[in-house]
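Trainee: I am new to this structure. Please show it to me, and then let us go through it by question and answer.

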Amino acid sequence: MEESRIETPARALSGIGRAVQGAIYAAGAYGHKPKVPVEPAALYAAARRRMSPQAWSYVAGSAGMQRTDAANIAAFERYPIVPRLLRDVGERSLGVSLCGHDLPAPVLFAPIGVLEMAHKEAELAVAEAARSLGLPMVLSTQGSVPMEQTAKALRANPMWYQLYWSNNDDLARSLVRRAEKSRAQAIVVTLDTPLLGWRTKDLDLGYLPFARGEGIAQYLTDPVFQNLVRDRVAEVPEEPARDERVSRRDLSSERPTLTAIRTLASITRHYPGRFRDNLRSPLPRAAVETFLDVFPCPGLSWDDLAKLRDWTSLPVILKGIQSVDDARLALEHGADGIIVSNHGGRQVDGAIASLDALAAIAPVVDGQVPVLFDSGIRSGADIFKALALGASAVLVGRPWLYGLALDGAAGAQAVMERLLAELDLTMGLSGIASIDQITRDCLST
Ligand code: FNR
């Protein structure tokens with residue numbers, strides 16, 4: 001008997017702590033240990049064993065010397081919880097209202113790109129996990145599955161869409177419109193990635209998933225992007241000049257290696273349509289090159305955000321805020337919410353820990369808009385601390401991704417429900433009966 005997967009439909013999260021604990025111990029009585037480890041370090045180690053070196057480096061790696069990632073985790077040590085006693089916590093509720101919607105808990109699935117590296121069912125598996133818990137899923141622009149398909153798999157479950165604003169406004173607008181049509185409830189604009197960070201682990205492997213056609217499904221299925229690709233093919237001469245070939249390290253300019261053949265096969269496989277037709281077509285490779293050209297958007301500025309208001313009536317939430325000044329600018333520019341995040345340390349090495357940024361920003365925003373938080377959440381106690389420091393809700397990133405790698409939808413669900421279980425128990429053990437009671441004085445510093 002495997003520990004039973006607990007049916008946790010949205011509004012039934014009260015008591016989740018004991019329910020999850022009970023199921024695991026009951027399975028243990030028959031000699032069954034959890035398939036997906038509970039303890040965070042064991043989860044990390046098991047996922048590492050399961051994934052390829054390339055996938056692991058992309059997923060677990062961060063920028064430079066990995067100092068921001070380490071700082072994110074270490075920061076939680078600096079805000080100890082002070083448990084209170086004898087406060088009648090027999091009935092506990094994790095429910096909150098966020099951006100006008102009731103949620104079973106203040107927890108979202110963070111937008112994560114290239115999920116196919118963790119599991120072949122990618123977003124479709126995560127959608128199943130999110131649906132089983134009733135928690136919002138934030139769909140990444142770097143998805144492995146077109147957003148319309150994921151939206152369908154989510155059914156009525158809340159879904160938000162995360163936008164990477166490319167350097168082509170027509171493309172950005174098209175993605176936002178598609179998200180709106182797919183019934184997204186909010187647009188999350190990630191502002192900390194105008195350029196890709198200096199990711200040392202990926203650089204040492206020479207590995208960029210997008211160059212293999214992975215994680216660009218939203219683009220390949222977008223009509224504006226498809227036109228850009230066709231234009232590119234029409235413009236580029238069949239046989240590029242030798243200098244150009246060498247400078248771009250075009251695959252066709254070198255003697256083919258096994259890796260080059262695999263890369264070409266991957267690009268061809270990811271392009272919509274039949275593999276055999278794609279093999280003969282210049283479009284798949286042109287699509288990857290077009291993506292690499294349109295992705296960086298270092299010219300974006302605060303004034304550009306006004307365009308979003310013409311494109312959509314959905315709430316706009318700005319992700320990647322780390323400074324009090326940028327939080328103020330977000331408010332001045334009419335953001336409906338912010339996400340204090342440093343992208344899990346994947347962008348700037350040696351940056352402020354995201355939790356310290358939250359501690360400074362939340363009092364300044366002072367409830368004017370929701371302040372969400374991510375980067376470093378590894379446990380239910382971590383969620384409790386972020387909420388105590390003023391977060392309205394948190395996004396969880398790598399932990400559920402590790403669960404996904406280990407056991408697909410069930411693995412992602414298991415990790416998330418254990419975080420909720422630990423949050424519930426941490427509340428109960430700290431004298432807290434509802435999320436709004438988690439305040440700054442629950443922490444000692
Ligand atoms: C991310 N993150 C991210 N963010 C975003 O806005 N769009 C994206 O496509 C991605 N893709 C992505 C891929 C991978 C492999 C990781 C690990 C992260 C950042 C993500 O939303 C979130 O900010 C971090 O995951 C939070 O850090 P921790 O808690 O996972 O360390």
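Mentor: Start with a term: domain bounds here come from an automatic or database domain assignment. The model is predicted, so local features need pLDDT of at least 70 and side-chain atom pairs count only at pLDDT 80 or more, while totals for chains, interfaces and linings use all residues. Residues are numbered from 1 along each chain as its sequence is written, and side-chain values use heavy atoms, with hydrogens and water left out.

Trainee: What separates the centres of domain 1 and domain 2?

Mentor: Take the bounds first. Domain 1 covers 16-199 + 298-442, and domain 2 covers 201-234 + 256-294. Taken over C-alpha atoms, the distance between their centres is 29 Å.

Trainee: How many residues does each domain bring to the contact?

Mentor: Contact means heavy atoms within 4.5 Å. Domain 2 brings 24 residues, and domain 1 brings 30 residues.

Trainee: Which side chains meet in a salt bridge?

Mentor: A salt bridge is a side-chain nitrogen of Lys or Arg within 4 Å of a carboxyl oxygen of Asp or Glu. The count between domain 1 and domain 2 is 1. At 3.1 Å, N to O, a salt bridge joins the side chains of R178 and D222.

Trainee: Which helix gives the most to the side of domain 1 that touches domain 2?

Mentor: Helices (H or I, at least four residues) and strands (E, at least two) are DSSP runs, numbered from the N terminus. Two helices, helix 3 (53-60) and helix 7 (169-181), each supply at least two residues of that side. The one that gives the most, with 5 residues, is helix 7.

Trainee: Is R178 buried or exposed?

Mentor: Its place is in helix 7. Leaving out residues up to four places away in sequence, R178 touches M147, E148, Q218, T221 and D222. Buried means under 20% relative accessible area, exposed over 50%, partly exposed in between (1.4 Å probe, protein chains only). With a relative accessible area of 9%, R178 is therefore buried.

Trainee: Which residues does S174 touch, not counting residues up to four places away in sequence?

Mentor: S174 also has its place in helix 7. S174 has a relative accessible area of 12%, so it is buried. Its contacts are D222, P223 and V224.

Trainee: What is the phi of V114 near?

Mentor: Most residues other than glycine have a negative phi. V114 sits in the loop between strand 3 (107-109) and helix 5 (122-133). V114 is buried, at a relative accessible area of 2%. Its phi is positive, near 50°.

Trainee: And what is the phi of H343 near?

Mentor: H343 lies in the loop between strand 8 (337-340) and helix 17 (354-365). A relative accessible area of 13% makes H343 buried. The phi of H343, a positive value in a residue other than glycine, is near 65°.
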